[in-house]
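Work through the exercises below with the sequence and the 3D structure at hand. Try each task before reading its solution.

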Amino acid sequence: MVQGTSSNVGKSVLAAAFCRIFYQEGYKVCPFKAQNMALNSFITTSGGEMGRAQVVQAQAAGVEPEVRMNPILLKPTGHTGSQIVIMGKAQGTMSARDYHGEYQRQTWPIVQEALHVLLEENEVVIIEGAGSPAEVNLKQNDIVNMRVALEGQVPVLLVADIDRGGALASVVGTLELVEPEERAMVRGIILNKFRGDIALLQPALDFLEEKTGIPVVGVVPYFDHFRIPEEDSVVLEERGMDSTLFPQNCLDIAVIRLPYLSNFTDFDPLMDEPDVTLRYVKNIEEWGNPDLVIVPGSKNTLADLRFLWESGLGEKLQAYWKEESPLIGICGGYQMLGRVVRDPLHTESDLEEIKGLGILPIETEFALEKHTVQSRGTVIADALFLQKCKGEAIQGYEIHMGRSSSEGAPLFEIQGQDTLYGDGVQAGSALGTYLHGLFDNDALRTALIEWLWERRGEKRALTRSPSQAAIREQAFNELAELVRNSVDLKKIRKIMGLESEWSM
């Protein structure tokens with residue numbers, strides 16, 4: 001089990017690394033995280049919703065994602081409330097105070113069952129904790145950190161982020177604050193995101209081992225030459241770049257940084273393109289002169305639509321579209337580009353209705369039942385860049401509670417489970433769709449980028465876009481190699497009870 005001294009220390013990425021390492025060694029591996037709080041989610045083949053981090057870890061382990069790997073998902077809808085998703089199905093919205101009590105205690109048997117089934121079915125299970133195990137105000141109802149370790153009798157590696165400073169104190173402090181039986185589960189320490197000469201760090205490593213009696217089993221260097229999909233929106237703060245600093249030989253794609261932005265991993269494939277720079281825009285001062293603007297998904301569409309109006313970005317988007325500049329809305333962004341969004345049952349917000357941007361000819365009303373489906377289909381429209389990929393197969397997934405009625409012809413013909421239907425609509429230079437993962441489709445993404453270059457009056461220098469599947473596999477293998485060379489795998493295997501067969 002990988003636990004951290006705090007959030008954003010790199011637990012998810014290290015868990016993915018260990019999933020790939022043991023997958024490469026021939027084990028049947030899967031990930032597990034009892035409870036995840038994230039706005040980045042994914043839909044499985046069975047239509048269940050789960051956290052994106054466990055999907056990435058499952059891909060690293062070479063297995064199909066399933067909801068038992070993340071039985072409880074919390075999707076924040078505001079500062080104090082979240083939508084509760086249990087075993088892939090939305091259960092409604094609840095305040096943090098109501099959830100962290102009797103309701104959370106009632107979810108423990110669900111966690112237990114999922115954990116033990118995965119332990120039974122797999123040779124290696126890589127478990128991720130959440131935040132810190134030393135949050136004394138939350139420990140009474142813990143279902144994701146030390147309670148999981150004790151339930152499965154799983155050894156824990158404690159991870160600290162040495163890049164942010166205070167790592168030694170955070171390790172020692174965490175171990176001081178957990179209970180003795182919990183401390184006994186911690187069998188190794190990993191310092192993550194290290195920059196510099198490791199020889200200069202040795203006195204700190206010696207101190208940690210002497211102070212805690214627990215071995216330091218790895219120092220993992222900071223890396224940015226390859227990228228593993230992130231789950232925490234903290235990483236977006238690093239992507240709000242100044243467009244004036246961009247090289248002239250790159251397209252400038254701007255994504256609106258909504259307060260409740262969800263599924264920002266939709267745009268990772270665009271970041272992988274060598275002739276594209278992608279940035280996040282929070283206000284009109286950061287607008288610049290983009291080649292394309294994307295309004296992304298949202299976990300609170302009405303509140304984020306209100307943000308667009310109040311920040312002036314709503315009028316900016318309207319003016320941008322009236323100039324016939326390219327604009328794409330994804331899921332919640334698609335709804336916001338329409339004429340109106342209604343939430344009469346208050347499924348996401350206290351607001352009942354708010355005027356949309358009036359760009360796309362759709363109206364949206366929220367319902368109690370969430371539409372979650374993996375989708376496959378075909379491009380059937382020939383508007384804008386879609387003319388370059390008409391007839392091509394596409395795939396993605398849908399997660400939305402809104403139902404939209406449209407006056408326009410659909411962009412895609414979608415096969416979702418047992419239903420055939422149209423998705424998306426176009427008006428002028430704007431289009432919208434419910435499909436997450438749209439840009440993972442190589443042919444569609446290539447068509448978009450070629451079209452954007454043509455709008456500049458230039459021909460794209462590259463002949464083809466990189467394959468997303470190939471990029472992902474290469475990144476997993478590079479991550480595994482980096483971590484393999486940075487930790488004492490022999491010691492970790494011994495901690496896991498695997499060393500006996502490796503020492504034969």
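The model is predicted, so local features need pLDDT of at least 70 and side-chain atom pairs count only at pLDDT 80 or more, while totals for chains, interfaces and linings use all residues. Residues are numbered from 1 along each chain as its sequence is written, and side-chain values use heavy atoms, with hydrogens and water left out.

**Exercise 1. The whole chain**

Task: Compare the radius of gyration of the protein chain with that of a compact globule, and state what share of the residues is buried.

Solution: 
- Step 1. The radius of gyration is taken over C-alpha atoms, and the globule rule is 2.2 Å times the number of residues to the power 0.38.
- Step 2. For 504 residues the rule gives a value near 23 Å; the protein chain has 23 Å, so the two agree.
- Step 3. Along its principal axes, the C-alpha trace spans about 65 × 50 × 40 Å.
- Step 4. Buried residues (under 20% relative accessible area; exposed is over 50%, partly exposed in between; 1.4 Å probe, protein chains only) make up 56% of the 504 residues.
- Step 5. The chain has 15 helices and 26 strands, which are DSSP runs numbered from the N terminus (helices: H or I, at least four residues; strands: E, at least two).

**Exercise 2. Aromatic pairs**

Task: Classify the pair Phe-22 and Tyr-27, then the pair Trp-287 and Tyr-320.

Solution: 
- Step 1. Rings of Phe, Tyr and Trp (its six-membered ring) pair if their centres lie within 6.5 Å; planes under 30 degrees apart count as stacked, over 60 as edge-to-face and the rest as tilted.
- Step 2. The structure holds 7 aromatic pairs. In one of them, Phe-22 and Tyr-27, the ring centres are 6.1 Å apart and the planes meet at 75 degrees, so this pair is edge-to-face.
- Step 3. Phe-22 counts as buried at 1% relative accessibility, and Tyr-27 counts as buried at 10%.
- Step 4. Trp-287 and Tyr-320 also form an edge-to-face pair, with 5.4 Å centre to centre and 75 degrees between the planes.
- Step 5. This pair links distant parts of the chain, 33 residues apart: Trp-287 is in the loop between β15 (276-281) and β16 (292-295), and Tyr-320 is in helix α10 (residues 313-322). Both Trp-287 and Tyr-320 are buried.

**Exercise 3. Charges over rings**

Task: Find which ring lies under the charged end of Arg-195 and which ring lies under Lys-355.

Solution: 
- Step 1. A charge sits over a ring if NZ of Lys or CZ of Arg is within 6 Å of the ring centre and within 35 degrees of the ring normal.
- Step 2. Arg-195 has its charged end over the ring of Tyr-222, 3.6 Å from the centre.
- Step 3. Lys-355 lies over the face of Trp-309, at 4.9 Å from the ring centre.

**Exercise 4. The largest cavity and the second largest pocket**

Task: Describe the linings of the largest cavity and the second largest pocket.

Solution: 
- Step 1. On a 1 Å grid over the protein atoms alone, a cavity is a set of points where a 1.4 Å probe fits but cannot get out, and a pocket is an open set with protein on both sides within 12 Å along at least five of seven lines; lining residues have an atom within 4 Å of a point. Points are joined across faces, edges and corners, and a volume is the space filled by probe spheres set on them.
- Step 2. The search finds 2 cavities of 30 Å³ or more, and the largest has a volume of about 150 Å³.
- Step 3. Its lining has 19 residues, with Ser-298, Cys-331, Glu-348, Ile-399 and His-400 nearest the centre. β22 gives the largest share of this lining, 4 residues.
- Step 4. The second largest pocket has a volume of about 910 Å³. Of its 36 lining residues, Phe-42, Arg-52, Gln-59, Asp-440 and Arg-472 are closest to the centre, and α13 supplies the largest share, 8 residues.

**Exercise 5. Positive phi**

Task: Locate Asn-8 and Leu-384, and state whether each is buried or partly exposed.

Solution: 
- Step 1. Most residues other than glycine have a negative phi.
- Step 2. Asn-8 has a positive phi of about 60 degrees. Asn-8 is in the loop between β1 (2-4) and α1 (11-24) and is partly exposed, at 25% relative accessible area.
- Step 3. Leu-384 has a positive phi of about 50 degrees. Leu-384 is in the loop between β21 and β22 and is buried, at 17%.
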